[in-house]
Amino acid sequence: MIPLRLGALILLAVVVQVTVFADVRVSGVAPELLVLLAVMFGYWFGPRRGPTAAFAAGLFWDVYLPTPLGLSAIVFVVVSFAAAAGGAELFRDSKLQLATIAGFGTFAAVVGYALLGEVMGQRGLVDLEMLRVALIAGAINALAAPLTRPLLAWSIGPPTGLEGAGAVR
Amino acid sequence: MAPAQQTGRVRHRLVLLTLVAITLLTLDLRGFESARTAQGLVRDLLHPVNTLASAVFSPVGDLWNSLFDYDELEAENAALRQELDAVRGAAIQAEADSSAYQQLLESLDLPYAADVTTVAARVARGPVGNFAGDVVTIDKGHRHGLSEGMAVVTGAGLVGRVERVDGVTSTVQLLSDPSLLVGVRLVSTNDVGLGHAVPGEPGMFIVNQGPNWPRITDTALLPEVGSAVVTDADSRYTADVPIGRVVEVRPAADDLSLEVLVELANDVEDLAFVSVLITAQREDPAPAEVVPSTSVPLDLDPDLLDPPEEGGADEVNQ
């Protein structure tokens, strides 16, 4: 049942990203909903299942991007694993810590995507504009992360990746 | 499960996922057709969902833009009002000038897409994500006769080229993408060159290279400011599709050759409808078979191995 719900969640995120966030932008930067999902998967499921779910999200997102298939997937796997590792080190699962992980995770994902894209032969991804995009997208996702908690809890149940974290506040 | 065993499994899974992603990357970069077909299929399957979602969520986008881009809209309205006044005045003058305009068209030789089949398309959505700023998706695809490389135009001129074609949608690489090179002809001098958008300067296009490209000292060959720039007959696109008008001719960074700065005829950042020119696509010539320099090709004419006559080497060098 969980894979089905997870699939539905990823599909919903892709549709919203492709339709709503093609128009809704903050200072010209679209929120990176799929990146947020990848970070949340790591935080929620832990290092074992989080990166797998993030890989699926990245692969689906790659279908719509002009960059080669697998580029987002590989970045999402790494970021999700890092978020899982960060989440497991927490003593308490607080909104502030979640927002911090989402913000840094998004920044790292955007920069990693651009760098890897350049390595793969895509031109014009790495410049000052990339840093601006990464900062704004990171800030948006930091604010949005606590809001997506209830959606994740509703669709895939309570978090299982916070072995090191204390009681949920 | 012991922690060490669990860590080992996590590591194995990470390595496996990374390897799968690298395999997919390699296949896609090598142009593996099945991977592209599968992606196109997914996009086609989701097209109705996206269309429905676009219709449902479009008020959200409109509301957002009206809230946060109000100043921009106000400025745009003022500019449009000013433009409308100018057009009203020009319309009166145009009646008198129409014969001159016809002559101008003839002299510029711009039979723009008169005999070419076109397919009208609506821009379904703008760029997706943060790193695809110079693409739009249109609502026509393979089923409507589109194929990769076709020119996308509006009444004003070239907009871009069809980059990726699915069943019912296509992605268009806009002329504002600096990586899109276009073979152009400067109408006033008939010089042929290669041009591309200027990074960071929306609406500007630069032509700075080409066969027999004039040097800065060739003052007689400088194109006139205000003269038209169109696609060249030998480019990948239909000949004589307008690109824009020359606004500046300046020396290049090397101080030897020319750079021709062109203002694009189209505002590619604000498109609603476009037309695709349905033309046969030129295929790039097949790469020549690589033969090691020390070996003799098996199918080589033995006569060619004979020592050349006097002057023969010179002829070859020429």
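Two strands pair if DSSP finds at least two bridges between them. Strands (E, at least two residues) and helices (H or I, at least four) are DSSP runs, numbered from the N terminus. In strand S11 of chain B, for example, B:Leu261 is the bridge partner of B:Glu248. This is a predicted model, in which local features need pLDDT of at least 70 and side-chain atom pairs count only at pLDDT 80 or more, while totals for chains, interfaces and linings use all residues. Residues are numbered from 1 along each chain as its sequence is written, and chains are lettered from A and ligands numbered from 1 in the order in which they are written.

**Chain A as a whole**

- Chain A has five helices and zero strands, in the order α-α-α-α-α from the N terminus on.
- The radius of gyration of chain A (taken over C-alpha atoms) is 15 Å, close to the 15 Å that the globule rule gives for 169 residues, so chain A is as compact as a globular protein of that length. The globule rule is 2.2 Å times the number of residues to the power 0.38.
- The C-alpha trace of chain A spans about 45 × 30 × 30 Å along its principal axes.
- Of the 169 residues of chain A, 54% count as buried. A residue is buried if 20 or more other C-beta atoms lie within 10 Å of its own, exposed if 12 or fewer, and partly exposed in between, with C-beta atoms placed from the backbone.

**Nonpolar cores**

- A nonpolar core is a set of buried Ala, Val, Leu, Ile, Met, Phe, Trp, Tyr and Cys residues joined through C-beta atoms within 7 Å.
- The largest core has 70 residues, and those touching the most other members are A:Leu37, A:Ala38, A:Val39, A:Ala57, A:Phe76 and A:Val77.
- At least two residues of this core come from each of H1 (2-19), H2 (33-62), H3 (71-88), H4 (95-119) and H5 (128-156) of chain A, and from H1 (3-29) of chain B. H2 of chain A gives the largest share, 19 residues.
- A second, separate core has 40 residues, among them B:Ala124, B:Val165, B:Val262 and B:Val276.

**Where the chains meet**

- Contact (C-beta atoms, placed from the backbone, within 7 Å) links 33 residues of chain A with 36 residues of chain B.
- On the chain A side, H1, H2, H3 and H5 each supply at least two residues.
- That side has 26 nonpolar, four polar and three charged residues. Here Ala, Val, Leu, Ile, Met, Phe, Trp, Tyr, Cys and Pro count as nonpolar, Asp, Glu, Lys and Arg as charged, and the others, Gly among them, as polar.

**Strands of chain B**

- Six strands form a closed barrel, in the order S1-S2-S5-S4-S3-S12, with antiparallel pairing.
- S6 (residues 182-186) and S7 (residues 191-197) pair in the antiparallel sense over five bridges. Their hairpin has four residues between the strands, and B:Asn190 takes a positive phi near 65°.
- S7 is also joined by four bridges to S8 (residues 204-209), again antiparallel, and B:Ile206 is the bridge partner of B:His196.
- S10 (residues 242-251) is joined by three bridges to S9 (residues 228-231) and by seven bridges to S11 (residues 258-264).
- The hairpin of S10 and S11 has six residues between the strands, and B:Asp255 in the turn has a positive phi of about 60°.

Key: Contact = placed C-beta atoms within 7 Å.
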